[in-house]
Amino acid sequence: MTATPLTSTQGAGRAGDKVFSGATLAAGCLILAVLFGVALFLVVQAIPALTAPADKIQGGQGFFAYIWPIVIGTLIAAAIALVIATPIAIGVALFISHFAPRGLASGLGYVVDLLAAIPSVVYGAWGAAFLAKEISPAYGWLAANMGWLPIFQGPASTTGKTILTAGIVLAVMVLPIITSLSREIFLQTPKLHEEAALALGATRWEMIKMAVLPFARPGIISAVMLGLGRALGETMAVALVLSSGALTASLIQSGNQTIAAEIALNFPEASGLKVSTLIAAGLVLFIITLAVNMIARWVITRHKEFSGAN
Amino acid sequence: MSKRIDVKDLNVYYGDFLAVEDVSINIEAKSVTAFIGPSGCGKSTFLRTLNRMHEVIPGARVEGEVLLDGDNLYGPGVDPVTVRSQIGMVFQRPNPFPTMSIRDNVLAGVKLNNKKISKGEADVLVERSLKGANLWNEVKDRLEKPGSGLSGGQQQRLCIARAIAVEPQVILMDEPCSALDPISTLAIEDLINELKDQYTVVIVTHNMQQAARVSDRTAFFNIAGTGKPGKLIEYGDTHTIFSNPVQKATEDYVSGRFG
């Protein structure tokens with residue numbers, strides 16, 4: 001038997017390692033390059049709008065006055081979507097992972113995944129043609145009975161094409177994302193911890209509170225943030241559903257606008273400074289999304305010590 | 001604060017598969033009873049039927065009776081949640097809740113059963129339980145730190161503290177030392193010796209020396225072959241089982257001739 005010299009650097013294994021590490025490095029760099037390229041494009045194209053005199057910008061009061069109402073509109077629509085979708089999504093995910101009989105669970109999971117496959121324009125058409133009409137009586141009721149709250153101030157829109165309707169449509173759209181990610185996380189809860197809770201005399205719900213939800217917390221936050229990313233950037237559904245207008249506090253009147261829908265509706269006919277105004281709006285949306293993701297990461301790492309990863 | 005367990009003609013099934021056949025055994029209060037036997041003989045499965053933890057596995061069911069001081073755990077209207085709060089369990093691998101501090105881990109079960117507990121009472125209980133698990137001196141200065149930061153042996157004692165904090169009648173231990181080093185194992189064995197002053201302890205172990213060291217009575221389980229049900233072969237005083245067993249199979253096993 002001949003001894004293999006320790007200093008040998010040849011052999012297929014070494015070469016394979018190098019190719020593989022090179023390929024992964026290239027892939028990683030490509031992502032950064034694309035992100036940087038997009039950011040650079042947005043900044044360069046946005047500069048004319050940011051430096052232009054105030055009266056040249058749409059509305060005549062400068063870029064800031066133009067952008068902030070649609071930033072608020074975007075955040076309102078996304079917030080409505082998350083407030084509605086998150087509890088439902090977590091409930092559905094828990095039902096699938098811990099309560100439903102096995103046959104029903106897989107079927108239901110499949111249906112939820114199918115919801116994510118529906119194109120956003122279909123959701124938009126459904127929201128505009130069906131939901132808005134059906135829901136407008138409810139808005140009338142809200143205006144009559146809860147009108148003292150600024151967000152439900154009347155007169156309610158008779159067409160139902162309001163930011164609240166848009167938010168509900170967005171909720172339906174982000175529901176499958178949050179549900180399927182949460183379900184995956186819930187299923188990964190270590191059996192060990194579930195049994196620890198049960199052996200202490202926990203009911204199923206107490207077990208979920210003790211073992212499943214704390215374990216899944218970072219995952220739920222990530223899932224919600226992904227949903228938020230979609231809600232912030234969603235264009236077609238909002239463009240079709242919302243009868244846009246100036247910023248208003250009431251969610252049941254027509255009015256408000258989101259950045260993505262504003263860009264989509266105006267871009268085809270825009271030229272010159274208008275184009276760069278819209279791209280600057282896109283830059284703002286990009287920054288908002290980036291900030292949201294960074295906040296989410298910060299929230300997740302804040303509790304690292306207790307995450308079970310150590 | 002401890003009760004005896006009497007099992008009568010218990011069969012355990014996973015679906016249609018008979019996993020453990022016809023076990024009858026009387027487990028004395030305030031004593032340590034060890035279950036020994038080769039892997040797959042059903043001793044862990046049987047242990048889990050003593051607090052209905054086997055029901056976590058879909059399709060698992062039992063026939064027969066398990067009496068806790070005469071009350072049938074499988075009687076109509078008996079809630080498994082109540083059963084488990086009276087018969088605690090410690091698992092093979094230490095499983096403190098990773099998202100909770102040491103203190104919250106100890107209080108986890110108590111907060112389930114008795115939602116309102118004042119901070120003073122909680123402090124007393126945490127100290128008493130951790131002392132009862134021989135862990136107090138090691139963790140008293142870091143009660144707010146996560147339980148998952150402790151060593152394996154400390155985590156297992158934390159799990160024991162968590163189990164005794166709810167003052168159960170019986171403590172079941174499913175190979176509690178199999179993931180621990182010899183020194184941690186010794187600490188747990190010492191603890192088991194102290195626990196039997198107050199609790200009924202049932203322990204499953206692969207380590208025959210451990211059974212000989214800690215238990216008062218020993219039950220030997222065996223299996224005739226793959227796919228056959230596990231059975232209780234012999235049950236008696238630990239001394240008798242290890243030095244002068246009645247059954248040939250028991251003698252072969254404890255002397256290391258198979259398994």
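**Exercise 1.** State what share of the contacts in chain B between residues at least 6 apart in sequence join residues at least 24 apart.

*Solution.* Two residues are in contact if their C-beta atoms, placed from the backbone, lie within 7 Å. Among the contacts of chain B that join residues at least 6 apart in sequence, 70% link residues at least 24 apart. This is a predicted model, in which local features need pLDDT of at least 70, side-chain atom pairs count only at pLDDT 80 or more, and totals for chains, interfaces and linings use all residues. Residues are numbered from 1 along each chain as its sequence is written, and chains are lettered from A in the order in which they are written.

**Exercise 2.** Compare the radius of gyration of chain B with that of a compact globule.

*Solution.* The radius is taken over C-alpha atoms, and the globule rule is 2.2 Å times the number of residues to the power 0.38. For 259 residues the rule gives a value near 18 Å; chain B has 18 Å, which agrees. Along the principal axes, the C-alpha atoms of chain B fill a box of roughly 55 × 45 × 30 Å.

**Exercise 3.** Describe the side of chain B that touches chain A.

*Solution.* First, count: the contact takes 23 residues from chain B and 20 residues from chain A. Next, locate: helix H2 (80-86), strand S6 (87-90) and helix H3 (102-113) of chain B each supply at least two residues of this side. Helices (H or I, at least four residues) and strands (E, at least two) are DSSP runs, numbered from the N terminus. H3(B) gives the largest share, four residues. Finally, for the complex the predictor gives an ipTM of 0.89 and a pTM of 0.82.
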